[in-house]
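Visitor: I am new to reading protein models. Could you walk me through one?
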Amino acid sequence: MSFKLGRYTDDGRPFELPVSAAIQRFAFLAKSGAGKTYCAADLAEEMLKNGVPIIVIDPMGIWWGLRKASDGKSDGYPVVVFGGDHGDLALDEKKAEDLARAIVESNISAVIDVAELSHAALQRFIPPFLEELRHVNVEDRHIFIEEADVIAPQKPGPDETRCLGAVDVFVRRGGNKNLGTTLISQRSAVVNKNVLTQSDFLVVLRTTAPQDKEAVAAWAVAKSADRKELNAWLDSLAKLRNGEAYVWGELPGAGGEVDVQKVKVQFRLRETFHATRENLKKFKGVKPMPVDEFVAKFSKIFEGEAPPVFTPEHLRSKARESREQEDEQDWSEFEPRLRALEEKLA
Ligand SMILES: Nc1ncnc2c1ncn2[C@@H]1O[C@H](COP(=O)(O)OP(=O)(O)O)[C@@H](O)[C@H]1O
Ligand SMILES: [Mg+2]
């Protein structure tokens, strides 16, 4: 059993990690559109396939796609979705501890779609959720955190320190309770360095911004003797294609021996649905109402006369107006209609 994630780019050998990696710490860093979510989802699929329950904290509202096969239609993995447009159950930020206990007690996998929570609500939700999870967890379990820079920022505001502290402790000590983590961020430079440098595996995809390269370096310098070589490598990150990554950590070499090394791999295609907004558009398309149908339905509103508003109130006010103008003729015109209408309504 292993996590089959893709292939080495140099010789095409399969790139695999042992299932024991489920309780280790990963960081997926790259600029937007390089394949972070996609490749982290490969890892999630491998865990689901190997019976390791996962939890995804998803501020983007796209991880529900694990439930669907890659065609977006047939079944994917049985993952319970909390919150969001695809939620099986609503997400109540005040029930963070209940949620953690329910997930652990039942050993389900879950996507927690927090896209609709305000920043303040998210900051309130995360600490009790992670603390309770760590408190009650027993079996191997892996937590994916999208947009890790939001809940573990390098420079937290006064209202963000509690959440950052909770994430820090969770990542640091989660392993003792068989909890692994994957942090995902497109803003490497602003993810908290204390949290980031704890990662066992760094997965770096296409990265171009100098400040983001520095964040990668913050992790890498401890593991790399030669700064010049490191700089050349950092520059090469700009050329990586989608889904192409350097994985750096304790990895089995060609001979099977485990060593801290960095390897270049191409992550495999997803088995489940990559539910980004662009993909959803591609799959669904927008079907306009046929022109005839539209004209028939809306012509009354845009072309027809507005329906008359001859309520008794309306007629009385008209009558008053007329009287004020001492125009007896107008009033007499309205009188019989008013009486008829009142009779009808009586
Ligand atoms: N391993 C891969 N194999 C093939 N295509 C990939 C792979 N990883 C990413 N892609 C492509 O790149 C696009 C962007 O990936 P995504 O994970 O959404 O980017 P990010 O999360 O970094 O913003 C995907 O929609 C997909 O088309
Ligand atoms: Mg993404």
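**Reading the model, feature by feature**

Guide: Start at the ligand. This is a predicted model. Around ligand 1 there are 16 residues, and Gly35, Lys36, Thr37, Tyr38 and Gly243 come nearest.

Visitor: Which helix gives the largest share of the shell around ligand 1?

Guide: Helix α1, residues 36-49, does, with 4 residues.

Visitor: How many residues of that shell are nonpolar, polar and charged?

Guide: The shell around ligand 1 has 6 nonpolar residues, 9 polar ones and 1 charged one.

Visitor: Now a single residue. Is Asp212 buried or exposed?

Guide: Count C-beta neighbours. A residue with 20 or more within 10 Å is buried. Asp212 has 23 inside 10 Å, so Asp212 counts as buried. Asp212 sits in helix α7, residues 210-220.

Visitor: What is Asp212 in contact with, leaving aside neighbours within four places in sequence?

Guide: Lys31, Ser188, Ala189 and Thr207. Leu234 is 22 residues from Asp212 in sequence, and their C-alpha atoms are 9.7 Å apart in space.

Visitor: Next, strands. In which sense do β5 and β6 pair?

Guide: Parallel, over 4 bridges; β5 covers residues 79-82 and β6 covers residues 109-113. For one bridge, take Phe82: its partner in β6 is Ile112.

Visitor: Last, the whole chain. Where do the domains run?

Guide: The domain assignment puts domain 1 at 2-284 and domain 2 at 289-346. The centres of domain 1 and domain 2, taken over C-alpha atoms, are 64 Å apart.

Definitions and conventions: Residues are numbered from 1 along each chain as its sequence is written. Chains are lettered from A and ligands numbered from 1 in the order in which they are written. This is a predicted model: local features need pLDDT of at least 70, side-chain atom pairs count only at pLDDT 80 or more; totals for chains, interfaces and linings use all residues. Domain bounds come from an automatic or database domain assignment. A residue is near a molecule or strand if its C-beta atom, placed from the backbone, lies within 6 Å of it. Helices (H or I, at least four residues) and strands (E, at least two) are DSSP runs, numbered from the N terminus. Ala, Val, Leu, Ile, Met, Phe, Trp, Tyr, Cys and Pro count as nonpolar, Asp, Glu, Lys and Arg as charged, and the others, Gly among them, as polar. A residue is buried if 20 or more other C-beta atoms lie within 10 Å of its own, exposed if 12 or fewer, and partly exposed in between; C-beta atoms are placed from the backbone. Two residues are in contact if their C-beta atoms, placed from the backbone, lie within 7 Å. Two strands pair if DSSP finds at least two bridges between them.
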